[in-house]
Amino acid sequence: MTLKLSFMDHWRRRYREFAIIAQDPVLWMSLLFCAIFLFIFVFYPILRTASNGFFTSEGQFSLEHFARYFDSYFGPLYRRVFTNTLLMGGLAATVGTLVGFIFAYTVVRCNPPGKGLIHTLALVPTVSPPFAIALSTVLLFGRNGLITHRWLGMTFPQGSNDIYGMDGLVFVQTITFFSAAYLILRAMLERLDPSMEEAAESMGANRFHIFRTVTLPLLIPGLAGAFLLLFVESLADLGNPLFISGNVTVLATQIFLAVAGEYDYQKASTLSLVLLIPTLIVFLLQRYYVTRRSYVSVTGKPSGGHVVEKEPWIRWPFVVVTYLVCALIILLYLAIIYGSFCRTWGVDFSLTLEWWRLMLTRGIEAILDTTFLSLLATPFAVLIGMIIAFLVVRKQFSGKGALDFVSNLGGAVPGTILGIGFVLAFSTPPMIVVVLLYVVLALFLGCTLFHEKRQQLIVLLLGSAVGIGLSFLDDILGLTGLYDLLGGAVVAAGLYLWLKLGQARGRIWVGIGAYLLAYNLVEFVAMPIATLSRSLPRGFWSNAIFQLADHIKVLFQLPPTLMTIVLIFAGVLLIQPEKGRVRLLLATFILAVTAALSFTAMPLTLVGTPFIILMAYAVRSLPASVRSGVAALQQIDPAIEEASNSLGADTQYTFRKITLPLILPALLAGMIFSFTRHMTSVSAIIFLVSARWRIVTAAIMSEWEQGGISIAAAYSTTIILFVLIAIGGLYFVTNRMLRSREYGVRDVSPSIE
Amino acid sequence: MDLILDAITKTFPPRGGNAEVTAVDTISLEIAEGELVTLLGPSGCGKTTTLRLIAGFEFPTAGRILLDGEEINTRPPHKRDMAMVFQSYAIFPHLNVFENIAYGLNVRRMPKAQIEERVARVMALVRLSGYEKRAPNQLSGGQQQRVALARALVMEPKVLLMDEPLSNLDAKLREQMRTEIRHIQQSLGITSVYVTHDQIEAMTLSDRVVVMNSGRIEQVGSPVEVYRRPQTRFVADFIGRANFVAGTVCGRENGMLVVDVFGQPLKLAGQEPHPVGAAVTLIVRPEMIQVRTEGGTYRGIVRRAAYLGDAIDYDIEVAGQLLTTSETNPLQTEVYAEGTSVGVSFYEACVHVLGSA
């Protein structure tokens with residue numbers, strides 16, 4: 001009895017929490033929007049990948065590919081791939097953590113000359129495309145490498161030990177991923193209270209003894225965290241293994257080949273699940289174990305006095321190793337730049353602009369598409385990230401943990417898994433999701449605007465019926481005709497409200513209707529531009545202008561399903577002030593339009609559209625935005641927001657006028673970090689590119705596969721350049737902003753954990 | 001514009017292995033228009049939670065909050081027409097003084113001229129005129145506190161809520177601001193709820209003091225009432241200093257209670273009619289005890305003496321119990337040495353008798 005009572009209490013409490021949030025429609029909407037986004041674009045695709053391995057392409061249950069791990073024909077190969085993967089992860093994580101530790105110790109404790117430069121160089125690998133290091137390693141140490149072949153005169157007959165293979169792979173991944181370990185351990189060393197070591201010293205312990213008994217145990221959580229992170233990054237890495245692992249196959253490449261070579265999604269999904277399991281375990285370990293066992297982060301701010309390593313026999317080895325790795329990094333990046341200007345690598349090392357010219361004509365399309373989509377996804381991802389951070393830090397509701405978890409999940413799982421999930425989820429209409437989305441939106445509209453059961457029923461039934469009826473018109477009118485019809489209707493309703501009833505809100509309705517109409521009207525802008533580009537001689541300008549036409553269209557041709565979300569949210573806000581019959585009428589009308597758009601044509605078949613790439617970008621960069629938002633919000637006294645509330649401002653006004661200005665530096669940092677992540681992402685979008693929407697990282701891979709290593713180098717240089725420009729811009733802006741204002745969140749360095 | 005708390009309870013759900021916490025336990029309170037009520041109590045007694053419930057930052061688990069007869073239990077803070085002054089001031093760091101004070105009026109979309117007029121008026125009231133363009137970090141603590149107060153006052157709220165607004169100021173400034181707040185509150189006649197753990201603040205500011213302890217109200221009364229006639233031991237102990245002296249009621253005479261204390265009958269006027277034979281506790285404030293060389297109701301031995309300047313404090317052992325006394329008569333300049341035998345008597349008119357329930 002008591003058990004039952006407390007159970008009821010539990011649910012009543014949960015219900016009350018949401019009832020309280022629902023009092024503020026904008027807050028409720030933000031929560032709903034984030035939940036919808038995370039469900040459709042993170043949870044559902046990952047679920048699809050995870051479950052698809054159990055079903056054949058005909059939809060029959062099958063364990064065929066799992067069984068292959070145990071049979072005698074495929075078994076040895078499958079198992080070897082699996083052990084290779086773990087070996088690669090283990091080695092790369094060990095060496096990477098070691099190098100990261102050496103860098104961190106040098107920077108924090110050894111006071112080396114050129115500390116700033118070391119720090120910058122350590123971070124360079126994080127802002128370059130993930131296989132840039134593989135590329136330059138091949139350029140320098142490959143069979144025709146500048147150092148191995150040209151300077152040392154080595155030749156590599158068949159079967160000899162060249163750079164391709166596990167050793168090369170671990171080398172490349174170490175350089176690519178050690179930055180993360182460096183950042184984690186540096187933060188930890190800085191926060192390590194030197195008095196603890198001094199205390200040990202005063203008790204007569206020698207340096208090594210102190211290190212072994214005091215320093216190292218305190219760093220264990222950091223070392224473990226760094227190791228686990230690197231392990232996962234290494235496992236998820238696709239670019240490097242694809243090009244440098246030679247005969248050694250790892251899971252990421254096996255998955256890639258299953259899709260790209262065999263078009264066998266069941267096999268790919270099976271292998272993805274195998275890859276997902278260790279990744280998830282590590283992710284959970286990191287999230288719930290390592291972060292809680294940290295003794296050091298508790299002490300908070302870096303303490304004033306740092307101990308500087310005095311013993312030269314400890315100091316110099318650290319400094320020298322750090323300098324050597326720095327020199328290697330410089331060398332590797334110079335090799336990429338040189339490679340892009342080199343006539344025929346390995347044979348003719350003379351300089352040429354040929355590759356850049358080729359890239360700027362043939363490749364301008366990919367460069368512009370990538371930059372455009374990366375930029376477009378950036379504010380979107382950061383905004384969602386900030387909202388999630390705000391909800392997580394400031395609000396109390398059930399499912400908060402899940403929201404936080406899923407928002408991190410999209411960035412934590414290997415990109416290939418997400419990419420495959422996107423293909424599986426959005427190549428045919430995911431009707432469950434579409435219906436679910438419509439139901440949620442309709443209920444949201446009904447329950448927010450009306451409190452009487454009768455009114456709710458009228459709106460929901462009538463709106464849905466009319467809307468679904470309208471969606472059949474699609475056969476006659478086509479999608480474009482339907483858009484014209486619905487857009488026209490919204491414009492008409494808006495005009496009526498504006499001109500007849502004299503409401504200023506009518507203008508916003510007209511705006512929304514116009515946006516619907518723009519779906520078709522934009523062609524009239526895009527067409528002439530496309531025609532213009534065709535009239536130009538084929539080359540840079542022709543390609544660039546042609547892309548412009550496509551980019552304009554993206555802005556106005558939102559897929560109908562995504563449009564419905566915008567419509568309902570805008571509708572609820574606009575209808576809120578209305579009363580009586582107008583309220584009822586408008587709600588029914590907007591629901592009808594939503595229903596018509598929801599079930600028209602092939603809802604949510606995003607494969608091949610730019611939106612799938614946009615969403616993949618956003619999902620991948622979301623965790624970083626959330627983290628920087630959370631960190632920033634935790635530094636702001638909640639009383640400041642409460643003060644705004646108590647002065648009559650609702651959550652939305654408070655967020656705009658108080659919270660946002662205060663977390664602006666974090667917001668900008670999040671933006672730059674997201675942009676970087678978008679520009680350099682490979683694994684998540686490799687399966688999502690289409691003939692119409694090309695992505696530089698994918699272009700690099702295909703060029704390289706076809707032997708165009710120099711043009712690949714040119715592309716890579718371009719990406720690095722773009723990212724550096726963006727980062728430079730950030731520091732310029734934030735420095736100016738922080739100098740003029742003496743408040744707010746100061747730490748804007750994008751933390752990588 | 002009265003505010004009624006009707007048996008409100010607030011429990012926080014269990015978190016991280018901790019049990020469920022009842023921060024506020026069935027509290028009932030009526031606050032009349034124009035009244036300043038202080039919630040006084042030790043930290044963790046639920047006073048801040050009560051204030052946050054009134055403000056709408058938390059919602060009660062049970063009970064009702066009524067404003068002008070209307071239930072506002074789950075009405076969000078921005079719709080309550082209350083304004084709060086925070087302990088940390090919570091001044092918007094990116095806005096200057098004028099913008100801070102005008103914030104709430106801008107939310108209301110008041111015309112610009114009117115905003116300027118009202119802000120100027122309230123800035124004069126808190127004596128900040130001329131500081132309009134200052135950034136918050138260019139202000140001293142006292143000035144920041146006044147910005148926070150002005151920002152709330154300018155709203156002309158139905159209820160003004162203050163959460164330990166003076167606790168971050170130094171002693172001198174606190175005293176000055178205390179008088180200022182009381183003066184402003186009186187002249188504007190704003191219904192106010194003031195949270196503090198400082199009894200002097202509570203005594204000097206309030207029309208009524210609400211003494212709270214572990215989520216419950218111990219006593220509601222005027223400053224004089226809670227000091228002179230505490231209803232529980234806790235109140236007597238928390239407000240001021242008190243000696244608790246055990247006694248037995250041995251009779252009644254002309255409406256006076258006769259209580260046997262340390263074997264001597266004391267006649268005490270104006271007490272509740274405790275039954276004869278009942279064990280009672282006398283609350284004797286240190287300044288209600290007279291210490292003289294000769295005479296006195298009781299004889300005692302000085303165990304500790306401390307000269308404080310404005311008073312002389314003694315611990316005097318009487319019949320095995322240590323009594324703390326405070327001699328405030330300026331003519332009494334002699335300090336008795338420790339070990340001296342002295343005469344001790346109570347100012348019987350001031351002693352308060354508490355039943356031992």
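**Note on the predicted two-chain model**

1. Asp81(B) is placed in the loop that links strand 5 to strand 6 of chain B, where helices (H or I, at least four residues) and strands (E, at least two) are DSSP runs numbered from the N terminus. Although Asp81(B) is not a glycine, its phi is positive, at about 55°. Asp81(B) counts as partly exposed because it has 17 C-beta neighbours inside 10 Å; a residue is buried if 20 or more other C-beta atoms lie within 10 Å of its own, exposed if 12 or fewer, and partly exposed in between, with C-beta atoms placed from the backbone.

2. The model is a predicted one, in which local features need pLDDT of at least 70 and side-chain atom pairs count only at pLDDT 80 or more, whereas totals for chains, interfaces and linings use all residues. Residues are numbered from 1 along each chain as its sequence is written, and chains are lettered from A and ligands numbered from 1 in the order in which they are written.

3. Asp68(B) sits in the loop between strand 4 (62-67) and strand 5 (70-71) of chain B, and with 12 C-beta neighbours inside 10 Å it counts as exposed.

4. Chain B as a whole has 8 helices and 20 strands, and its C-alpha trace spans about 75 × 45 × 45 Å along the principal axes. Of its 357 residues, 39% count as buried. Among contacts in chain B between residues at least 6 apart in sequence, 65% join residues at least 24 apart, a contact being a pair of residues whose C-beta atoms, placed from the backbone, lie within 7 Å.

5. The contact between the chains draws 23 residues from chain A and 24 residues from chain B. On the side of chain A that touches chain B, the elements giving two or more residues are helix 1 (2-22), helix 27 (638-646) and helix 28 (651-662) of chain A, and helix 27 of chain A gives the most, with 6 residues. That side of chain A has 11 nonpolar, 5 polar and 7 charged residues, where Ala, Val, Leu, Ile, Met, Phe, Trp, Tyr, Cys and Pro count as nonpolar, Asp, Glu, Lys and Arg as charged, and the others, Gly among them, as polar.

6. Helix 27 of chain A is mostly covered, with 7 of its 9 residues buried; among them are Ile640(A), Glu641(A), Glu642(A) and Ala643(A). The buried residues of helix 27 of chain A pack against helix 16 and helix 28 of chain A, and also against helix 1 (47-55) and strand 6 (82-85) of chain B. After helix 27 of chain A comes Gly648(A), whose phi is positive, near 105°.

7. Val393(A) belongs to helix 16 (residues 364-394) of chain A and, with 17 C-beta neighbours inside 10 Å, counts as partly exposed. Leaving aside residues up to four places away in sequence, Val393(A) touches Val630(A), Leu633(A) and Gln634(A).

8. Two helix pairs in chain A may be checked side by side. Helix 21 (residues 474-500) and helix 25 (residues 580-598) of chain A pack at an angle of about 165°, their axes 11 Å apart, where axes are lines fitted to C-alpha atoms, for helices over the stretch in contact, and angles run from 0 to 180 degrees between N-to-C directions. These two helices of chain A are therefore roughly antiparallel to each other, the term used for angles over 145 degrees. Leu482(A), Leu486(A), Val490(A) and Ala493(A) of helix 21 of chain A make this contact with Phe589(A), Val593(A), Ala596(A) and Leu597(A) of helix 25 of chain A, and the residues divide into 8 nonpolar, no polar and no charged.

9. Helix 2 (residues 25-52) and helix 24 (residues 560-575) of chain A pack at an angle of about 170°, with their axes 11 Å apart, and are therefore roughly antiparallel to each other. Here Pro25(A), Met29(A), Phe33(A) and Ile36(A) in helix 2 of chain A meet Ile565(A), Phe569(A), Val572(A) and Leu573(A) in helix 24 of chain A.

Definitions and conventions:
Contact = placed C-beta atoms within 7 Å. Parallel < 35°, antiparallel > 145°, perpendicular 65-115°, else oblique.
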